[in-house]
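The following note concerns the model shown below. Please read the points in order, with the structure at hand.

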Number of protein chains: 2
Amino acid sequence: MEGGKLFAERLSRRVFIKGAAGTVGIAALTAGGLGVFSKAEAKGGGTEKWPWPYEKLDPEKTAEIAYAEWYRVFCGAAVINSVFSQLSEKVGEPYTSFPSDAFVFLEGGMVGWGTICGSNAGANIVANTIIGPRIAGPECENGAAIGADILQWYSEAALPTFTPKEPRQKAKIMQTTSNSPLCHVSVGKWMKASGYAISSPERRDRCARVAASVAYNLVKDLNAWKDGTYKAKSSWKPASNMGITAQQNCTECHGANIPTPPAKKI
Amino acid sequence: MEGGKLFAERLSRRVFIKGAAGTVGIAALTAGGLGVFSKAEAKGGGTEKWPWPYEKLDPEKTAEIAYAEWYRVFCGAAVINSVFSQLSEKVGEPYTSFPSDAFVFLEGGMVGWGTICGSNAGANIVANTIIGPRIAGPECENGAAIGADILQWYSEAALPTFTPKEPRQKAKIMQTTSNSPLCHVSVGKWMKASGYAISSPERRDRCARVAASVAYNLVKDLNAWKDGTYKAKSSWKPASNMGITAQQNCTECHGANIPTPPAKKI
């Protein structure tokens, strides 16, 4: 088992661990005297058997749902609901049992702290819940790969890329590039460029359109994965290449003085 | 409905919107011509009826499970599984149907990008899935409040606070304070202070102990909430007080030159 290796480290080495933990689950803990039973055994592997059944969705329709849902449940849950509401209708379980609305807390970069943009977090949740975690076998690595692609695309795109058919705000919503997947940086750069305050209707509509933009791109990737044509686009492997988990915009926080992480002792 | 208000803004105003969206769900979208049905109707409100049944857990045992699980599913899923595996046994559904292992991607601050520490994300997922999102009524606001408390406690504590009974690494694991809920900052400061590399067994054990420390504190708060004695500890309201979603360590990225966000037009 690849204990302690980060996704980015693993991708670079391509070590396959097919089925290592998928069926054993946390039953292994019982041997350690903790008396925990296996969830996988208890439920017959239902929701933790990957991939979940997926049917291709219309990116445009998905984006419109995300846009509308933002005004009810905000960025993270809007992205999740834009996909899972449709799959609940087309497929049913296990989508209907996923508590999407619980993810309202992703708003504002997690309860307003400005960390990961909720749309990015929501997209990663969707991709990894459908395709599965990398520990479930190499075929499930596309979940994390699509998630990483979303982070990279989000950082590099002039957002929002999607304009709803009937926008709530008629004012022009300008596009800005964040160079970061963080809410604080993404929203901050947009606010600085546009002059709109955090509580303005325009800022809110901008974030609703960003959620819609992310949902659109997420479904494009999921559809390609379903078709067997998906290829990972992100090549960012910070742990193995930089020696630390990191974004790509080092100098925005560190200036020219980027600390050197401790090297591995050989 | 409180469309577009951030959690931190709302907390400061204490506007109650009891039951606003809980039962309507996304059925409202149907009126908009998108043809989406209501998940809540489809499943009878099962997993999106809050709070989920909770039974008090032993913080020490929970932390030991999180520590062991880190070596299988890493920080985020380890924290989720440390709570949900026990509740799957004590309570059963809806915990048994939650796909905890899908959250392996939270590792390394989300697929290695160093954003929100997976332990913090996992704790927020647990608190909000059990207690519910704030849009489900004022009694559900404690989910986001416990999540915010975890972010603040994590930022201010000398981590890790928990030492497992049988640690995998016998070397002393030093404690560092991150002043941030981000993986990059938390791991980076620990690496700098300790001299250990990202891929070292000591760094891995440090992060396993951090996951255990977060799980310990999460369960203490959940138990207090169950007893009716929980009181929100975090008072961080960045959107309303600072004009932007943000952490509290502004000068670590901005130096002395902190941009002024655009003010609300009156």
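1. A crossing of helices is left-handed if the near helix is turned anticlockwise from the far one by less than a right angle, and right-handed if clockwise. Helices here are DSSP runs (H or I, at least four residues), numbered from the N terminus. By this criterion α3(A) and α4(A) cross in a right-handed sense.

2. This is a predicted model, in which local features need pLDDT of at least 70 and side-chain atom pairs count only at pLDDT 80 or more, while totals for chains, interfaces and linings use all residues. Residues are numbered from 1 along each chain as its sequence is written, and chains are lettered from A and ligands numbered from 1 in the order in which they are written.

3. The axes of α3(A) and α4(A) lie 7 Å apart at an angle of about 30° (lines fitted to C-alpha atoms over the stretch in contact, with angles from 0 to 180 degrees between N-to-C directions). Among the residues making this contact are Phe74(A) and Val83(A) of α3(A), and Gly118(A) and Val126(A) of α4(A) (C-beta atoms, placed from the backbone, within 7 Å).

4. Chain A and chain B each contribute 92 residues to their contact. On the side of chain A, α3(A) gives the largest share, 13 residues.

5. A rotation of 180° with 0.0 Å of shift along its axis brings chain A onto chain B, at RMSD 0.0 Å (least squares on C-alpha atoms of residues with pLDDT of at least 70 in both). This is the relation of a two-fold axis. Cys253(A) has the C-alpha of chain A nearest the axis, 2.1 Å from it.

Technical notes:
Two residues are in contact if their C-beta atoms, placed from the backbone, lie within 7 Å. Helices (H or I, at least four residues) and strands (E, at least two) are DSSP runs, numbered from the N terminus.
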